[in-house]
Amino acid sequence: MRAPPLLLLLAACAPPPRAAAAAAAAAPTPPGWEPAADAPWCPYKVLPEGPEAGGGRLCFRSPARGFRCQAPGCAAHASAGRSLRASVLRNRSVLLQWRLAPAEARRVRAFALNCSWRGAYTRFPCERVLLGASCRDYLLPDVHDGVRYRLCLQPLPLRAEPAAAAAAAAAAAPEPAGPAECVEFAAEPAGMREIVVAMTAVGGSICVMLVVICLLVAYITENLMHPAFGRPGLRRQP
């Protein structure tokens with residue numbers, strides 16, 4: 001049983017009744033993917049493409065607790081290390097989730113998320129996001145259909161104190177950042193099946209109408225115009 005302060009925090013950050021009922025009906029998220037209970041918000045910055053454009057605006061979002069990707073409305077893609085996954089939803093949004101070991105999470109100060117998509121000859125950047133250490137998910141609101149995306153998450157280590165940094169630099173090289181986890185996916189066209197079904201129905205209706213018109217023309221030609229052609233003409237007198 002959890003402590004009373006934690007229960008009060010969860011009650012204050014609880015979703016509306018309908019959302020709570022939907023979250024309760026859905027299966028819970030597997031262990032390790034949920035953010036900490038004392039982190040109700042995720043601070044992040046969407047960085048501009050140009051380095052001279054500034055550092056971006058600080059924003060906050062609530063974590064997606066209790067989320068589970070369920071087919072056919074969602075397709076899950078995982079990285080090679082299985083610590084990063086992308087859930088592609090039918091509304092062309094992508095929920096990115098990641099997990100860290102407790103010992104590794106204590107050495108992380110932030111996460112750098114880089115997004116790119118594959119063109120015909122090269123890759124193009126689409127978004128760069130700096131997320132706080134308490135974040136464990138991020139939502140991409142809109143992706144294009146049929147485009148191959150690549151999302152890479154880079155943990156950024158804690159900055160050492162000046163004295164400790166000088167001692168570490170004198171003793172050995174600084175410890176590099178953790179390895180980046182990358183996941184690739186392509187959003188399936190959400191309305192392609194509906195478009196194909198609609199085009200098939202319209203094409204079938206047109207074909208039926210053409211058949212009916214052809215039969216009607218044949219009937220008119222055979223029954224109404226044939227007696228006029230078969231009527232004997234007046235013979236010309238010599």
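Arg148 is partly exposed, at 34% relative accessibility; the category lies between buried (under 20% relative accessible area) and exposed (over 50%), with a 1.4 Å probe and protein chains only. The model is predicted: local features need pLDDT of at least 70, side-chain atom pairs count only at pLDDT 80 or more, and totals for chains, interfaces and linings use all residues. Residues are numbered from 1 along each chain as its sequence is written, and side-chain values use heavy atoms, with hydrogens and water left out.

Arg148 and Glu184 form a salt bridge, at 3.6 Å from N to O; the term denotes a side-chain nitrogen of Lys or Arg within 4 Å of a carboxyl oxygen of Asp or Glu. This pair links strand S9 (residues 148-157), which holds Arg148, to strand S10, which holds Glu184, across 36 residues. Strands (E, at least two residues) are DSSP runs, numbered from the N terminus.

## Further bridges of Glu184

Glu184 is partly exposed, with a relative accessible area of 23%. A salt bridge also joins Glu184 to Arg150, at 2.7 Å from N to O. Arg150 belongs to strand S9 and Glu184 to strand S10, so this contact ties together parts that are 34 residues apart in sequence. Arg150 is partly exposed, at 29%.

In the bridge between Glu184 and Arg118, the closest N and O atoms are 3.5 Å apart. Because Glu184 lies in strand S10 (residues 181-186) and Arg118 in strand S6 (residues 108-118), this pair ties together parts that are 66 residues apart in sequence.

Conventions: Helix = DSSP H or I, 4+ residues; strand = E, 2+ residues; numbered from the N terminus.
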